[in-house]
Amino acid sequence: MELGTVSVTPWEAEAFVDYDRLIKVFGAKPLTDNEINMLKNVTEELHIMISRRVFYSHRDFDKFLEAYKSSRRCALYTGRGPSGNTHLGHMLPWIFTKWLQDKLGLDLFFQMTDDEKFWHTEEREFEYFNSLAYENILDLAALGLDHRKTHVIIDSEDIGYLYPIVIKIAKKITFSVQRATFGFTDSTNVGMIFYPTLQMAVAFLPSELFREPIEVLIPAGIDQDPYWRIARDIATSLGYPKPSQIHNKLLPGLGIGGKMSSSKPETAIYTTDPPELAYGKVVKAYTGGRATAEEQRKFGGNPDVCPVYKMYEMMFEENDMKLYERYYSCRGGSLLCGECKTELAERVARFLKEHQSRRIRAVSHTEKYLIRNKFDPPIIKRT
Ligand code: TRP
């Protein structure tokens, strides 16, 4: 989809600056106090990613919460394209999803799209992406997602769970809709053209597995929205509830502009980075500061364009008062970038150290997360 000069598809989400414009073009709704209060009513407290509007837009989140409150059966769905090691930008929605799962006590279906990433990427063998799907489960485990309630679908191996649903989805979607929604061209391989049916299918899988209509909420980056627009269009005609969404802004990289991305590893913090390496990346980050300390003291810095400040805001500073203080001492020139970066670097390194020790402990437990060890595939009722 063209947004002025910015192209936004799930595979290209570069300069995600104008989020307000984006939801208008996508046709989603901004998250308002109404939905936030409804959530608080159920969860009692709010996650910073909600109160600070990191999750900032939605489709039918209010309806989902109403369904939950009236004891209709609900589930969560999110996923990952395993194209490399996990970085903090990937973890952002998972951290929030875990919080929601704990508060609401819901099953989470987690899709690992090894097929998508193989089809999308030039150089690598398929087996590389499949191995990464297993590797990436370690991050889910290290985040503390409960394996009794978290069910991982690896597309290539668990296709039997999806295929009965995919057959029906595929018949409803024309190539012209796919092309307009995802920006496919005549030279796009047919794997990619088929792939969206698989990502949509998981939104309907809970209804098949539990054999009743399940209300599904998908917390995910706003770049994934195109899939849900189509899924919602076809849901009713297939006999499923429309999945609802809550969208997060993408974590910026540590360089100038753009999201944290594996294509710029020096500006991304990976969960597998040795803590000292990550420390160094943060210390070298681009900031909203002035050219010299003297100028900064005089004129102040600009946290609104600073990826270091964004990291505090979106993930690393839980305390609102402290965040507020940081913002104003930056603006007022009393807080210099060196100090601000060192503090963040320490927090990031500490987080990684703890995450990595939980990752190591998870190595022998990944199979507990696999859907195939817990559910039978949907049944096809012969006529
Ligand atoms: N396409 C997503 C990616 O490239 C992976 C994915 C599959 C996903 N299903 C999802 C992401 C559901 C969010 C929600 O990362």
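Predicted model: local features only at pLDDT ≥ 70, side-chain atom pairs only at ≥ 80, totals over all residues.
**Domains.** Begin by colouring residues 2-254 as domain 1 and residues 265-362 as domain 2, the two parts into which the protein is divided. If C-alpha centres are placed on domain 1 and domain 2, they lie 28 Å apart.

**The sheet.** Next, select the strands of the open, seven-stranded sheet, whose order is S4-S5-S10-S9-S6-S7-S8 and whose pairing is mixed. At its edges are strand S4 (29-30) and strand S8 (150-154), each of which pairs on one side only.

Then select residues 190-210, helix H10, which lies across strand S6 (74-80), strand S7 (107-112), S8 and S9. Relative to S7, helix H10 runs at about 155 degrees.

Return to the two domains and show the residues where they meet: domain 1 contributes 23 residues and domain 2 contributes 28 residues. About 2300 Å² is buried between domain 1 and domain 2, and carbon and sulfur atoms give 69% of that area. Select Arg52, Leu88 and Leu254, which supply 37% of the area that domain 1 buries against domain 2, more than any other three residues.

For the polar side of the contact, there are 14 residue pairs in polar contact between domain 1 and domain 2, counting pairs with both residues at pLDDT 80 or more. On the domain 1 side, helix H3 (48-51), helix H5 (88-104) and helix H7 (126-142) each supply at least two of the residues that touch domain 2. Of the elements on that side, H7 gives the most, with five residues.

**Salt bridges.** How many salt bridges are counted between domain 1 and domain 2? The count is three. Finish by displaying Glu135 and Arg359, which form a salt bridge with their closest N and O atoms 3.0 Å apart. Across the structure, the count comes to 21 salt bridges. Glu135 lies in helix H7 and Arg359 in helix H16 (residues 337-362), so this pair ties together parts that are 224 residues apart in sequence.

Conventions:
Residues numbered from 1 in each chain as written. Heavy atoms only, no water. Pairing = 2+ DSSP bridges. Helix = DSSP H or I, 4+ residues; strand = E, 2+ residues; numbered from the N terminus. Contact = heavy atoms within 4.5 Å. Axes fitted to C-alpha atoms, helices over the stretch in contact; angles between N-to-C directions. Domains from an automatic or database assignment. Buried area = accessible area lost by both parts, 1.4 Å probe. Salt bridge = Lys/Arg side-chain N within 4 Å of Asp/Glu carboxyl O. Polar contact = N/O pair within 3.5 Å; in protein donor to acceptor, adjacent residues only side chain to side chain.
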